[in-house]
Amino acid sequence: MNDLETLYRQLIMDHYKNPRNKGLKEEYETVHIKNPSCGDDISVQAYVENGVIKDVRHDGHGCSISMSSASVMSQLLKGKTVEEALGLIQDYYKMLKGEEPNEDLEDALAYQGVAKFPARYKCATIAWNAIEEAINKNK
Ligand code: ZN
């Protein structure tokens, strides 16, 4: 394993053990998605005001890839405009399909190795599918 892969693995484990923006807020609308093939079960919320994503919340249970990527996603998209966020979401999906990643994905770059494991694609995208739906509902 090279240094970059080690760094990425550490970053994923850090977000798994210390998730950012975890816990739902009663006043926000929730999007809930399940991945039966892995047992991932996730709820995501986006609070959008004047075209800016002011808050992102998530909660759920599942594998380290799905749970950590929810944390990474929340950190990356919070504070972005709706337009920027929807662009980054598409860039993330493209990276997981093996395309050259957009450096603006920051910590989410850690998941580029998932492109080699198509079975984990759903795990790595479940939180992103949920936030995409939440943003589109709230924009
Ligand atoms: Zn999973």
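1. Contact range. Residues 24 or more positions apart make up 63% of the protein's contacts with a separation of 6 or more. Note that this is a predicted model.

2. Fold order. The protein contains four helices and three strands. Read from the N terminus, the elements run α-β-β-β-α-α-α. The radius of gyration is 14 Å, close to the 14 Å given by the globule rule for 139 residues, so the protein is as compact as a globular protein of that length.

3. Box and burial. Along the principal axes, the C-alpha atoms fill a box of roughly 45 × 30 × 25 Å. Of the 139 residues, 45% count as buried.

4. Surface. The accessible surface comes to about 7,300 Å². Carbon and sulfur atoms hold 47% of that area.

5. Charge. There are 17 positive and 22 negative side chains. The centres of the two sets lie 4 Å apart.

6. Distant parts of the chain are linked here: aspartate 40 and cysteine 123 are 83 residues apart. Aspartate 40 sits in strand β2, residues 40-49. Cysteine 123 sits in helix α4, residues 121-138.

7. Are aspartate 40 and cysteine 123 buried or exposed? Aspartate 40 has a relative accessible area of 2%. The cut-off for buried is under 20%, so aspartate 40 is buried. Cysteine 123 also has a relative accessible area of 2%, and cysteine 123 is therefore buried by that cut-off.

8. Arginine 9. This residue belongs to helix α1, residues 3-17. Why does arginine 9 count as exposed? Its relative accessibility is 52%, and exposed means over 50%, so arginine 9 falls in the exposed class.

9. A pair to check by eye. Arginine 9 and isoleucine 131 are 122 residues apart along the chain. Their C-alpha atoms are separated by 23 Å.

How values were computed
Residues numbered from 1 in each chain as written. Predicted model: local features only at pLDDT ≥ 70, side-chain atom pairs only at ≥ 80, totals over all residues. Heavy atoms only, no water. Helix = DSSP H or I, 4+ residues; strand = E, 2+ residues; numbered from the N terminus. Rg over C-alpha atoms; globule rule 2.2 N^0.38 Å. Buried < 20%, exposed > 50% of the residue type's maximum accessible area, 1.4 Å probe, protein only. Contact = heavy atoms within 4.5 Å. Areas by Shrake-Rupley, 256 points an atom, 1.4 Å probe, with all protein chains shown as cover. Lys, Arg positive; Asp, Glu negative; His and termini not counted. Charge placed at Lys NZ, Arg CZ, Asp CG, Glu CD.
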